[in-house]
Amino acid sequence: MADETIGIVGAGIVGLAIGREISLRRPGTRVVVLEKEPEVALHQTGHNSGVVHAGIYYTPGSLKAELCTRGRLLLREYCAERGIAYDECGKLVVAVRPDELGRLDNLEKRARENGVPGLLRVDPAGIREIEPHAAGLAALHSPETAITDFPGVARAFAADIKAAGGEVRTNFPVTTIKKDGGSIRVESGEQTVTVDQVIVCAGIHTDQVSRLAGDAPAPRIIPFRGEYMRVRPEKADLVRGMIYPVPDPRYPFLGVHFTRRVTGVVEVGPNAVLGLAREGYKRSDISVRDLAGIAAWPGTWRMARQHWRTGVKEVRGSLSIRRYMADAMQYVPEIGAADVVRAGAGVRAQALDRDGALVDDFRIHRLGPVTAVRNAPSPAATSSLAIAEYVVDDVFSR
């Protein structure tokens with residue numbers, strides 16, 4: 001019905017995109033976005049690498065593949081309309097060892113099935129033509145992979161919601177979600193918002209908030225801190241766009257890579273270190289409560305038994321800039337430990353199943369009048385407008 005109220009928990013880019021889509025598609029529907037922080041886009045949206053992915057990595061037929069492809073086109077159009085920085089500087093995915101060439105072949109096949117535009121396989125000479133200071137045996141070039149300002153996009157989405165008569169209510173940490181007759185009461189201490197439907201997009205806290213609405217424990221969110229290095233200005237011109245490794249298919253992470261930001265800064269990263277707090281942006285950030293939750297989840301220990309060697313390597317790289325840059329130098333040999341400084345970090349909300357499997361695809365649960373976006377890691381920012389279409393289609397098909 002046109003006069004209903006939809007509550008959205010979480011003012012990251014996905015929650016705001018969904019609120020905007022409802023406002024556009026259902027005039028008269030009141031949208032209320034509830035955010036625990038004083039501003040929008042302060043967590044994953046504000047701490048990622050700004051890359052607009054073209055669909056190279058994702059399993060054909062998966063939600064990631066489908067929504068990334070459409071989302072990129074929608075995002076490019078939106079940024080052009082709003083004057084938000086959007087630079088198709090292109091990406092190279094580079095194989096530096098012979099044993100990576102088979103994985104590069106598989107990646108190329110996957111990318112072509114996903115219709116990645118302009119994809120080109122290049123040899124060492126082709127690598128140097130695109131990125132003169134890069135090295136490798138072979139690479140995939142994706143010329144339409146882009147960079148943008150995702151926090152700026154999120155703020156524009158919030159403005160769209162307000163312009164349509166909706167509300168973005170900050171400083172509202174949700175503590176209770178409960179049915180009250182035909183409505184749902186969403187509470188934060190003594191504050192209450194009554195809505196007809198709720199959509200949970202709470203990022204790093206999405207499992208906890210979803211449980212308030214009666215969702216299952218799985219998947220549990222496990223935080224992984226991703227640390228960046230910033231290339232010193234005198235070496236920043238050695239990277240024109242993006243230079244990525246061939247990813248390890250065992251993990252949903254893409255590996256440490258070189259990325260030019262829309263500001264002109266070049267960063268290296270992120271790595272993936274198990275976080276000691278859900279909002280642990282520094283190594284010193286520790287939450288006893290979050291650690292207890294991580295330790296209590298059976299999937300954590302099953303994951304650790306399978307991947308502890310990789311975890312040890314990541315920790316060593318976190319502690320030592322020299323070790324961090326050792327792998328990165330394979331791709332751009334002229335940028336080493338002396339040419340970077342520590343920059344910021346982000347926290348990836350990685351969903352983990354009870355059996356220890358790292359959840360790769362987007363995962364969205366439906367609980368009657370509650371929809372929970374339970375897993376939306378990269379490329380969620382790229383896909384945000386398409387995720388919004390998908391979720392709103394589902395919400396209003398009931």
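I looked up how H2 and H11 lie to each other: they are roughly perpendicular (65 to 115 degrees). The axes of H2 (residues 63–82) and H11 (residues 380–395) cross at roughly 105 degrees and come within 6 Å; axes are lines fitted to C-alpha atoms over the stretch in contact, with angles from 0 to 180 degrees between N-to-C directions. Helices are DSSP runs of H or I, at least four residues, and strands are E runs of at least two, numbered from the N terminus.

I listed the contact (heavy atoms within 4.5 Å). Among its residues are Leu67, Arg70 and Tyr78 of H2 and Leu385, Ile387 and Glu389 of H11. The contact divides into 11 nonpolar, 3 polar and 3 charged residues.

This is a predicted model, in which local features need pLDDT of at least 70 and side-chain atom pairs pLDDT 80 or more, while totals for chains, interfaces and linings use all residues. Residues are numbered from 1 along each chain as its sequence is written, and side-chain values use heavy atoms, without hydrogens and water.

Of its 44 residues, Ile8, Leu16, Ile18 and Ile199 touch the most other members. H11 gives the largest share, 9 residues. A second, separate core has 23 residues, including Leu238 and Tyr324.

Last, I looked up Asp339, in the loop between helix H10 (321–328) and strand E19 (340–352). Asp339 is buried at 16% relative accessible area (buried is under 20%, with a 1.4 Å probe and protein chains only). Its side chain reaches the backbone nitrogen of Gly336 at 2.9 Å.

Conventions. Buried < 20%, exposed > 50% of the residue type's maximum accessible area, 1.4 Å probe, protein only. Polar contact = N/O pair within 3.5 Å; in protein donor to acceptor, adjacent residues only side chain to side chain. Parallel < 35°, antiparallel > 145°, perpendicular 65-115°, else oblique. Nonpolar A, V, L, I, M, F, W, Y, C, P; charged D, E, K, R; others polar. Core = buried A, V, L, I, M, F, W, Y, C linked by side-chain atoms within 4.5 Å.
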